[in-house]
Amino acid sequence: MKKHDFALVELIVMVAVLAVLAGLLGSAVVRLRAGAVTAQCLDNQKTSLKAIAAYAADHGNTFAVRVRNASWGTVLSAGNYVGESARSALKCPLLAPAGNWSRESDEWLLHTFGMPRTYPEGWEQYYGDGLANVDSRYSSVIDFNKIKQPKMIMSDTYNAADKKQSFEWRLDTAEGKSLGAFVHGGQGSIGRSDGSASSMTPQQVKEQSGGVVKEYYNEQFIKNKF
């Protein structure tokens, strides 16, 4: 009887230990997957920034973030600065599931990483003359000649209206409802004018922007919307 009781206790302990190990392993797998997605997002931004730099080199060191109703992705695609196989690199893999990548459809070009827009915004406080309108409120151009130090020019974004990533990085939700998104463990992928990209917290982005970036969407908000 005692031997049977001892064997039962051993079994219970073993099951408990296995349960703990399974929990730890599961958490480790989740962290690894999250880290892989974050790394892919940053790589995508660097690829996008490289294409933007190539375009700028051919156009007086300037880049059109928006040309009337065309997004910056359309600008790159139309000039063949982004090939067919590299189009998915214009998006955050977490916020932009695979869609229609056919050359006949421009829908996917509206749901890329976000870049700053001049109207109606306050980005000029951050960029100075480095970001300007060239066609009333419809077109925004980054002039890299006037950006003397690395500036944040790209972010994970989320549009609460259509529940997708947006090509515009807005400062408020008054129009368009498209803000920076911090969905990688409380951080967001931020690309800079020198071609670098890194993960940043909302507070870091706010401080680096000199207080220009105040509003954003956090991870929980977006999870509730999806």
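**Cysteines and an open sheet in a predicted model**

Trainee: Is C92 buried or exposed in this predicted model?

Mentor: The cut-off for a buried residue is a relative accessible area under 20%. C92 has a relative accessible area of 0%, so C92 is classed as buried.

Trainee: Which cysteine sulfur is closest to that of C92, and at what distance?

Mentor: A disulfide needs two cysteine sulfur atoms within 2.5 Å. The closest cysteine sulfur is too far from that of C92 for a bond. That sulfur belongs to C41, at 3.7 Å.

Trainee: What is the relative accessible area of C41?

Mentor: C41 is the residue whose sulfur has that of C92 as its closest cysteine sulfur. C41 is buried, and its relative accessible area is 0%.

Trainee: How many disulfides does the structure hold?

Mentor: A disulfide is a covalent bond between the sulfur atoms of two cysteines. The sulfurs of C41 and C92 are too far apart for such a bond, at 3.7 Å. For the structure, the number of disulfides is zero.

Trainee: Which strands stand at the edges of the open sheet?

Mentor: Three strands form this sheet, in the order β6-β10-β11, with antiparallel pairing. An edge strand has a single partner, so one side of it is left without a neighbour in the sheet. The edge strands are β6 (152–155) and β11 (197–200).

Trainee: What is the average twist from one strand to the next?

Mentor: The value describes the open sheet β6-β10-β11. From one strand to the next, the twist averages 35 degrees.

Trainee: Which residue in β11 is the bridge partner of G188?

Mentor: Strand β10 covers residues 188–192 and pairs with β11 in the antiparallel sense over four bridges. The partner of G188 in β11 is M200.

Methods: Residues are numbered from 1 along each chain as its sequence is written. This is a predicted model: local features need pLDDT of at least 70, side-chain atom pairs count only at pLDDT 80 or more; totals for chains, interfaces and linings use all residues. Side-chain values use heavy atoms; hydrogens and water are left out. Two strands pair if DSSP finds at least two bridges between them. Helices (H or I, at least four residues) and strands (E, at least two) are DSSP runs, numbered from the N terminus. Axes are lines fitted to C-alpha atoms, for helices over the stretch in contact, and angles run from 0 to 180 degrees between N-to-C directions. Buried means under 20% relative accessible area, exposed over 50%, partly exposed in between (1.4 Å probe, protein chains only).
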